[in-house]
Amino acid sequence: MKTDVYYFTGTGNSLAVAKDIAKEIKGEFISIPSVIGENNIRIDAKAIGIVFPVYMWGVPLIVERFIKKIENLNEKYIFAIVTYGGMPGSAINILEKIIERCGGKLSAGFKVHMPGNYTPMYGAIAKEKQQKLFDNWDKKVKIIAEYVKFNKQGKKENNNMLINFIFSGIIYKILAKNIPKMDKQFWSDEKCNECGICQKVCPVNNIEMIDSKPSWKGNCEQCFACLQWCPEKAIQYGKNTSTRERYHHPNANISDIIKRVRND
Ligand SMILES: Cc1cc2nc3c(=O)[nH]c(=O)nc-3n(C[C@H](O)[C@H](O)[C@H](O)COP(=O)(O)O)c2cc1C
Ligand code: SF4
Ligand code: SF4
């Protein structure tokens, strides 16, 4: 059965996961930003995988917009894989409800622990710790592939109910509507060399260059690609990020991240 794996990523974890699962199940992998500009999305594949990072214990807004645009969701076998840095909450449960509201059904949802990339709270974890997480994923990808290849149903890897209720049920709902404007906290410091990479890696064209320096337009996904991929570490968020180690998945490079915007 033909399967399309759609992914969203800021720093490459979800790209690596999407690539690996697509390879295991012999599917295609397609970036969500490359199709999000279409009015309606019609998918020919019989099965769809959706891979994305957990943001604020919930689902990135672009993933919700993507699902709402799929015309023929009700005909598909749908599975999801969320990547997260430590506390996934019930992102899978939130996704399931979005899919149901659009007439579809989430058949299986998996979570994959990856290095965190939320620099306002922490820097990149040590390389050895990162490697352990990647090794775990190398094992888990085979298990997930066996499950979804045969269109199995029912597995949903959510967190415990109370945590879900507090973080995903209350906090995510409050934060989500403010996400587009959270870019007010980004700024570039004196290290900026005007290379323009931040503008190119933004999946939603939310950065314009004014006098060759980045300026954020208030329509942000909070993917942190701009901050993480700036070669000079010149992009900051709030007050505490300048000394924190940046992160991206070791197998992802800037051209993968730029390409994901157009998928060429
Ligand atoms: C704005 C933002 C919010 C995040 N919120 C969470 C969270 O609630 N729980 C969690 O475990 N990780 C959280 N993370 C970490 C990412 O989910 C994790 O690092 C993910 O694998 C990044 O995927 P990517 O490399 O494909 O962008 C957050 C990251 C960002 C940038
Ligand atoms: S990527 Fe960094 S150095 Fe390049 S223009 Fe943007 S802020 Fe400046
Ligand atoms: S402005 Fe930065 S954080 Fe916001 S969507 Fe663009 S790249 Fe991601």
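**Classifications in a predicted model**

User: Where is Asn205 found?
Analyst: Asn205 lies in the loop that joins helix H6 (197-201) to strand S7 (207-210). The model is a predicted one.

User: Why is Asn205 called partly exposed?
Analyst: Its relative accessible area is 48%. The partly exposed class runs between the buried limit of 20% and the exposed limit of 50%, so Asn205 at 48% is partly exposed.

User: What is the phi of Asn205?
Analyst: Asn205 is not a glycine, yet its phi is positive, about 55°. Most residues other than glycine have a negative phi.

User: Where is Trp57, and what is its phi?
Analyst: Trp57 sits in the loop between strand S3 (47-53) and helix H2 (61-69). This residue, also not a glycine, has a positive phi of about 65°.

User: Why does Trp57 count as partly exposed?
Analyst: Trp57 has 21% relative accessibility. Buried requires a value under 20%, so Trp57 at 21% falls in the partly exposed class.

User: Why is His249 called buried?
Analyst: The relative accessible area of His249 is 5%. Because buried means under 20%, His249 at 5% is buried. His249 belongs to the loop between strand S9 (235-237) and helix H8 (254-262).

User: What does the side chain of His249 reach?
Analyst: The His249 side chain comes to 3.0 Å from the backbone nitrogen of Asn251. The cut-off for a polar contact is 3.5 Å.

User: What makes Cys223 and Cys226 buried?
Analyst: Cys223 has 7% relative accessibility and Cys226 has 8%. The limit is under 20%, so Cys223 and Cys226 are buried.

User: How many disulfides are there?
Analyst: The count is zero. A disulfide needs two cysteine sulfur atoms within 2.5 Å.

User: Which residues come nearest to ligand 1?
Analyst: There are 25 residues around ligand 1, and those nearest are Thr9, Thr11, Ser14, Val54 and Met87. Helix H1 (13-25) and strand S4 (77-84) each contribute at least two residues to the shell.

User: Which polar atoms lie by an oxygen atom of ligand 1, and at what distances?
Analyst: A polar side-chain atom of Thr9 is 2.6 Å from a ligand 1 oxygen, and one of Thr83 is 2.8 Å from a ligand 1 oxygen. A polar backbone atom of Met87 is 2.6 Å from an oxygen of ligand 1. Of the 650 Å² of accessible area that ligand 1 has on its own, the protein covers 96%.

Technical notes:
Residues numbered from 1 in each chain as written. Chains lettered and ligands numbered in written order. Predicted model: local features only at pLDDT ≥ 70, side-chain atom pairs only at ≥ 80, totals over all residues. Heavy atoms only, no water. Buried < 20%, exposed > 50% of the residue type's maximum accessible area, 1.4 Å probe, protein only. Near = heavy atom within 4 Å. Polar contact = N/O pair within 3.5 Å; in protein donor to acceptor, adjacent residues only side chain to side chain. Areas by Shrake-Rupley, 256 points an atom, 1.4 Å probe, with all protein chains shown as cover. Helix = DSSP H or I, 4+ residues; strand = E, 2+ residues; numbered from the N terminus.
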